[in-house]
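Let's take a friendly walk through this model, starting with a charged pair and moving on to a strand and its partners. Keep the structure open as you read.

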Amino acid sequence: MRVYVPLTLSGLAEAYRTGELGAGPFPAYGVTPALREWYRSEDLEELEYAALGRAALASLRLLAADAGAPRRRVVVAVDVPDRAASAVAAGPGELRVDGPVRLDRAAAVHVDEADAEPDVTSAAQALPTADAGDADAQSAVDGAEDHALLWYATQEIPNLVGPTA
C-alpha cells in the first residue's frame, strides 16, 4: 500500500540521519474506504492525489506546532505492506502505520518550493483560527494549498535537508 507520511524539513533531516521514517505507530494518509467515500472517485491516481493533499495539510499542522522548522510542507510517499497500515476514524484517508519503516523504502518526497514559504507561513499561523471556523483564516490556509508540492527522487533528500543532516 502506498502511504503518504507528513513531515517537516527538520523531520525529513532526522529520518535521513536515522534511516527511518518512524518506529511506529505514526500517522500517514492513503486510499482508504473513507477517503473513497469523501472524495467520490474511482480513479486511483485522483484518490492518491487526494491522500497526498491530506498529508500536506497534516504537514502544515506539524509546521504550526514547530515554529523553528523551515516553512515548507513535506510528504514522503512510501510503500508499506497492507498489514502495516490501518485506517483510523479521525478523518478520510488517515492511517496509522505500525512498525518501523525504513527511509530507503520511500518512493518519492514531495516538498514545497522555496517561493511557497510566505504562504505556508501565513497558513501555519492561521490554522488554529481556521479550525475554529474563521473564513479569512481558512483563506490563508487555502493559500498554501494553492502551491503544488514538487516531486523529488529519494536520491535528492541530501540536497533537501542540507549538510546538517
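## Asp79 and its partner

Asp79 has a relative accessible area of 30%, so this residue counts as partly exposed. Please bear in mind that the model is predicted. Which residue forms a salt bridge with Asp79? The partner is Arg2, and the closest N and O atoms of the two are 2.7 Å apart. Arg2 sits in strand β1 (residues 2–7) and Asp79 in strand β4, so their pairing ties together parts that are 77 residues apart in sequence. Arg2 is partly exposed too, because its relative accessibility is 29%.

Side chains of opposite charge can pair when their charged atoms come close.

How many salt bridges does a search of the whole structure find? The count is six. One of the others to look up joins Arg61 and Asp131, whose closest N and O atoms are 2.7 Å apart. Arg61 belongs to helix α3 and Asp131 to helix α4 (residues 117–131), so this pair ties together parts that are 70 residues apart in sequence. Arg61 has a relative accessible area of 36% and is therefore partly exposed. Asp131, with 49%, is also classed as partly exposed; exposed would need over 50%.

Arg36 and Glu42 form a salt bridge as well, with 3.8 Å between the closest N and O atoms.

## Strand β8 and its neighbours

Back to strand β4, which covers residues 74–79. Strand β4 runs antiparallel to strand β8, and five bridges join the two. Within this pairing, Ala77 stands opposite Ala108 of β8.

Strand β8 also pairs with strand β9 (residues 150–152), again antiparallel, through three bridges. Here Val109 faces Tyr152 of β9 as its opposite residue. Is β8 itself mostly covered or mostly open? Strand β8, spanning residues 106–111, is mostly covered, with five of its six residues buried.

## Tyr49 on helix α3

Helix α3, the one that holds Arg61, spans residues 44–65 and also includes Tyr49. Tyr49 counts as exposed because its relative accessibility is 56%, and the cut-off for that class is over 50%.

Where does Tyr49 stand relative to Gly30? The two are 19 residues apart in sequence, and their C-alpha atoms are 9.3 Å apart in space.

Definitions and conventions. Residues numbered from 1 in each chain as written. Predicted model: local features only at pLDDT ≥ 70, side-chain atom pairs only at ≥ 80, totals over all residues. Heavy atoms only, no water. Buried < 20%, exposed > 50% of the residue type's maximum accessible area, 1.4 Å probe, protein only. Helix = DSSP H or I, 4+ residues; strand = E, 2+ residues; numbered from the N terminus. Pairing = 2+ DSSP bridges. Salt bridge = Lys/Arg side-chain N within 4 Å of Asp/Glu carboxyl O.
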